[in-house]
Amino acid sequence: MVHCTNEPNVSIPHLATLLIERSQNANWVVVYKALITTHHMLAYGNERFIQYLASSNSSFQLNNFLDKGGVQGYDMSPFIRRYAKYLNEKALSYRTVAFDFCKMKRGKEEGSLRVMHADKLLKTLPILQAQLDSLLEFDCTANDLTNGK
């Protein structure tokens, strides 16, 4: 799917819409896989994908997600809600500052935040803080995320 984001004849809006539709499923495993796929495409896919998610009104509306299909569904539902919140925050950050914090150069003297003008930096840091807060709020370990097995 990452390769598809680089193909000129693939519709990024259609691809994003399909993932968002899958995230509306009642089964936490299906939703979790849609979120993971979206996250992977944000990290490794063409920038057009995050540009579309940032510019569209589409987002993961999972604030009230609850899989009532079993004990594991109940256990995983908070993680699903927090993961969706992080991905929404990531898209919102991109919409606001027009770049992905996760793809910035790290530790380099010429890194974007290091050379950013002070007034722009003061506007950018709260956006970065909001994205970091949503990531830290996700707060899970590998043992918590079992993928239904």
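1. Buried residues (under 20% relative accessible area, with exposed over 50% and partly exposed in between, 1.4 Å probe, protein chains only) make up 36% of the 149 residues in the chain. This is a predicted model, where local features need pLDDT of at least 70, side-chain atom pairs count only at pLDDT 80 or more, and totals for chains, interfaces and linings use all residues. Residues are numbered from 1 along each chain as its sequence is written, and side-chain values use heavy atoms, with hydrogens and water left out.

2. Overall make-up. The chain has six helices and zero strands. Helices (H or I, at least four residues) and strands (E, at least two) are DSSP runs, numbered from the N terminus. In sequence order the pattern reads α-α-α-α-α-α. Take contacts (heavy atoms within 4.5 Å) between residues at least 6 apart in sequence: 69% of them join residues at least 24 apart.

3. The core. A nonpolar core is a set of buried Ala, Val, Leu, Ile, Met, Phe, Trp, Tyr and Cys residues joined through side-chain atoms within 4.5 Å. The largest one has 30 residues. Which of them touch the most other members? They are Leu35, Phe49, Leu62 and Ile80. Helix H1 (12-22), H2, H3 and helix H4 (71-97) each supply at least two residues of this core. H4 gives the most, with nine residues.

4. H2 against H3. Two packed helices are described by the angle between their axes and the distance between the axes. The axes here are lines fitted to C-alpha atoms, for helices over the stretch in contact, and angles run from 0 to 180 degrees between N-to-C directions. Helix H2 (residues 28-44) and helix H3 (residues 47-55) have axes that come within 7 Å and cross at roughly 120 degrees. H2 is therefore oblique to H3. The cut-offs: under 35 degrees is roughly parallel, over 145 roughly antiparallel, 65 to 115 roughly perpendicular, and the rest oblique. The H2 and H3 crossing is left-handed, meaning that the near helix is turned anticlockwise from the far one by less than a right angle; clockwise would be right-handed. H2 uses Thr38, Met41 and Leu42, and H3 uses Phe49, Ile50 and Leu53. By class, the residues of this contact are five nonpolar, one polar and no charged. For these classes, Ala, Val, Leu, Ile, Met, Phe, Trp, Tyr, Cys and Pro count as nonpolar, Asp, Glu, Lys and Arg as charged, and the others, Gly among them, as polar.

5. H1 against H3. The axes of H1 and H3 come within 10 Å and cross at roughly 65 degrees. That makes H1 roughly perpendicular to H3. This crossing of H1 and H3 is right-handed. Ile12, Pro13, Ala16, Thr17, Leu19 and Ile20 of H1 meet Arg48, Phe49, Tyr52 and Leu53 of H3. The contact of H1 with H3 divides into eight nonpolar, one polar and one charged.

6. H3 against H4. These axes come within 8 Å and cross at roughly 90 degrees. H3 and H4 are therefore roughly perpendicular to each other. On the H3 side are Glu47, Ile50, Gln51, Leu53 and Ala54; on the H4 side, Ala91, Tyr94 and Arg95. The contact of H3 with H4 has five nonpolar, one polar and two charged residues.

7. Phe49. What does Phe49 contact once its neighbours within four places in sequence are left aside? Its partners are Thr5, Ile12, Ala16, Leu19, Thr38, Met41 and Leu42.

8. Tyr83. This residue is in helix H4. Buried or exposed? Tyr83 counts as buried because its relative accessibility is 9%. Beyond neighbours within four places, Tyr83 is in contact with Tyr32, Leu35, Ile36, His39 and Phe138.

9. Partly exposed helix positions. Ala43 is in helix H2 and counts as partly exposed at 34% relative accessibility. Ala43 and Val2 are 41 residues apart in sequence and 9.4 Å apart, C-alpha to C-alpha. Leu92 is in helix H4. At 36%, Leu92 also counts as partly exposed. Leu92 and Ser59 are 33 residues apart in sequence and 9.5 Å apart in space, C-alpha to C-alpha.

10. A loop position. Ala98 is in the loop between H4 and helix H5 (112-115). Ala98 is exposed, at 53% relative accessible area. The C-alpha atoms of Ala98 and Gln51 are 8.2 Å apart, and the two residues are 47 apart along the chain.
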